[in-house]
Amino acid sequence: MKTATLPPVRIDPGFRHEVEQSLQDGESLTALVETALRHEIARRKNHSEFVRRGLAAIERTTRVGDGIPAETVIAKLEAKLAATRKRQQV
């Protein structure tokens with residue numbers, strides 16, 4: 001399979017200098033850009049999957065009706081926080 005190129009990106013000369021200064025030994029600007037793009041694409045895929053699972057969980061909880069009210073969760077967290085603060089004062 002042949003490789004393809006990405007469109008050129010115009011950036012401020014000062015930023016290009018900053019980018020070039022951040023390159024590791026033997027690393028090219030092209031390699032840095034490719035790595036950054038791969039990481040961003042993976043992050044976006046993970047984020048999309050996270051949102052999809054969250055929406056599915058909300059839908060299931062709404063349908064089944066077995067959710068815990070937010071007020072109950074917050075009250076438990078506040079009680080834990082108060083207990084921890086009390087222990088730290090002793």
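**View 1. The largest pocket and its lining.** Helix H2 gives the most to the lining of the largest pocket, contributing 9 residues. Helices are DSSP runs of H or I with at least four residues, strands are runs of E with at least two, and both are numbered from the N terminus. The model shown is predicted: local features need pLDDT of at least 70, side-chain atom pairs count only at pLDDT 80 or more, and totals for chains, interfaces and linings use all residues. Residues are numbered from 1 along each chain as its sequence is written, and side-chain values use heavy atoms, with hydrogens and water left out. The lining consists of 18 residues, and Leu6, Val9, Val33, Glu34 and Leu37 lie nearest the pocket centre. Helix H1 (13–22) and H2 each supply at least two lining residues. The space in this pocket is about 830 Å³. Here a pocket is an open set of points on a 1 Å grid over the protein atoms alone, reached by a 1.4 Å probe, with protein on both sides within 12 Å along at least five of seven lines; lining residues have an atom within 4 Å of a point. Points are joined across faces, edges and corners, and the volume is the space filled by probe spheres set on them.

**View 2. Ser48 in helix H2.** Ser48 belongs to helix H2, which covers residues 29–64. With 47% relative accessibility, Ser48 counts as partly exposed; buried means under 20% relative accessible area, exposed over 50%, and partly exposed in between (1.4 Å probe, protein chains only). Pro7 is 41 residues from Ser48 in sequence, and their C-alpha atoms are 25 Å apart in space.

**View 3. Ser22 in helix H1.** Ser22 has its place in helix H1, and its relative accessible area of 47% makes it partly exposed.

**View 4. Ala4 ahead of the helices.** Look for Ala4 in the segment before H1. Ala4 counts as exposed, at 73% relative accessibility. Ala56 lies 52 residues away from Ala4 in sequence and 37 Å away in space, C-alpha to C-alpha.

**View 5. The whole chain, for orientation.** Along the principal axes, the C-alpha trace spans about 55 × 45 × 25 Å. Of the 90 residues, 1% count as buried.
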